[in-house]
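The following paragraphs walk through one protein model, from its overall dimensions to single residues. Please keep the sequence and the 3D view open while reading.

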Amino acid sequence: MSALVSVKHVSKQYRQQGETLQDVSFELRAGQVLGLLGHNGAGKSTLINALLGALEYQGTIRINGYEPIMQRDKVMQNLSYISDVNVLPDWMTVAQLFSYTEGVHSGFNRHKADALLRETNIKPQTRIIALSKGMKVQLHLALVIATNTQILILDEPTLGLDLVYRDTFYRHLSEWIQGGERVLIITSHEVSEIEHLLTDVLILKQGRTVLQSSMNAISEDYLIVEARDEHRAQIEAMQPLSSQKGLGATKWLLPSKYAEQAERLGEIRDVKLADLFLALQKEVS
């Protein structure tokens, strides 16, 4: 199976800021969901803009085999992007937006869009400007799902949404992923919120890759041991990535190669993606 998204040795340099991306590489095939993580300024937006063909870069990017700048028209036939900023035309009603999309996009399924809308509180005759942020995100996702997009990029899609809207959003997203040969790239500061969706993760720090892994490999490569403070010296010799002090005990994030020794010192727990993300962001550059 060929890669739907291929990124090889991609870098981006700005004259004033210097290098914001350095030698980033990954491939995504149908069914993969990539969590693109990093603090503000890590290079996530730069990478997304390169994938969208919105800026020049060094290296190689192929979306469905097409180069995103020179062949942007072909790339955008099967790629959709939802950002944290509303870009829908506020002056239109929801029904007008669907009619317009039906007229300009041959792959838009109006019946599917209407069915998705009926699962929400959004009324067809409502003007987009009158919709809440949560409703606008739901509407945008309905448009994407109804056009049968193959590659979807979401940039902080649930920022500012309440729990009810988030739950509905992720349910629709999960159904979309499972409905065909598709790829999803999602960024979020709510790492624990998206963990259940992901098959893979790419963590950036200051433009560099600090972790690129499948979710399965994370549980195999790392562990957490909760041990009493009297074992501190022994655990510090195991190259812990981070520690979290508790009442009379400390949680240590360790490479799994130390599992046998750690079991003798405390209680072993599975590592969460949020634990690993925070540990890698705190490491000295």
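Helices (H or I, at least four residues) and strands (E, at least two) are DSSP runs, numbered from the N terminus. Helix 1 is followed by Gly-53, which has a positive phi near 75°. The model is a predicted one, in which local features need pLDDT of at least 70, side-chain atom pairs count only at pLDDT 80 or more, and totals for chains, interfaces and linings use all residues. Residues are numbered from 1 along each chain as its sequence is written, and side-chain values use heavy atoms, with hydrogens and water left out.

The protein chain contains eleven helices and 13 strands. Taken along the principal axes, its C-alpha atoms fill a box of roughly 70 × 40 × 40 Å. Burial is stated here as relative accessible area: buried means under 20%, exposed over 50%, and partly exposed in between (1.4 Å probe, protein chains only). On that scale, 49% of the 285 residues of the protein chain count as buried. The accessible surface of the chain (Shrake-Rupley method with a 1.4 Å probe; for residues, only the protein chains shown count as cover) comes to about 14,600 Å², and 47% of this belongs to carbon and sulfur atoms. Contact means heavy atoms within 4.5 Å. Among contacts in the protein chain between residues at least 6 apart in sequence, 65% join residues at least 24 apart.

Helix 1 covers residues 44-51, and six of its eight residues are buried, so helix 1 is largely enclosed by the rest of the structure. The buried residues are Lys-44, Thr-46, Leu-47, Ile-48, Ala-50 and Leu-51.

How do helix 5 and helix 6 lie relative to each other? Axes are lines fitted to C-alpha atoms, for helices over the stretch in contact, and angles run from 0 to 180 degrees between N-to-C directions. The axes of helix 5 (residues 133-146) and helix 6 (residues 163-178) come within 10 Å and cross at roughly 10°. Angles under 35 degrees count as roughly parallel, over 145 as roughly antiparallel, 65 to 115 as roughly perpendicular and the rest as oblique. The two helices are therefore roughly parallel to each other. On the helix 5 side, the contact involves Gly-134, Met-135, Val-137, Gln-138, Leu-141 and Ile-145; these meet Tyr-165, Thr-168, Phe-169, His-172, Leu-173 and Trp-176 of helix 6. By class, the residues of this contact are eight nonpolar, four polar and no charged. Here Ala, Val, Leu, Ile, Met, Phe, Trp, Tyr, Cys and Pro count as nonpolar, Asp, Glu, Lys and Arg as charged, and the others, Gly among them, as polar.

Gln-138, in helix 5, counts as buried at 10% relative accessibility. Leaving aside neighbours within four places in sequence, Gln-138 is in contact with Thr-120, Ile-122, Tyr-165 and Thr-168. From Gln-138 to Leu-117 the separation is 21 residues in sequence and 8.4 Å in space, C-alpha to C-alpha.

Rings of Phe, Tyr and Trp (its six-membered ring) pair if their centres lie within 6.5 Å; planes under 30 degrees apart count as stacked, over 60 as edge-to-face and the rest as tilted. By this rule there are two aromatic pairs. Phe-98 and Phe-108 form a tilted pair, 5.9 Å centre to centre with 55° between the planes. Phe-98 is in helix 3 (residues 94-104), while Phe-108 is in the loop between helix 3 and helix 4 (110-118), ten residues apart. Phe-98 is buried at 1% relative accessibility, and Phe-108 is buried at 8%. Phe-169 and Tyr-170 form an edge-to-face pair, 5.6 Å centre to centre with 75° between the planes. Both count as buried, Phe-169 at 1% and Tyr-170 at 7%.

The backbone also deserves a look. Most residues other than glycine have a negative phi. Glu-156, however, has a positive phi near 50°. Glu-156 lies in the loop between strand 6 (151-155) and helix 6 and is buried, with a relative accessible area of 9%. Gln-206, also not a glycine, has a positive phi of about 50°. Gln-206 sits in the loop between strand 8 (200-205) and strand 9 (208-214) and is exposed, with a relative accessible area of 54%.
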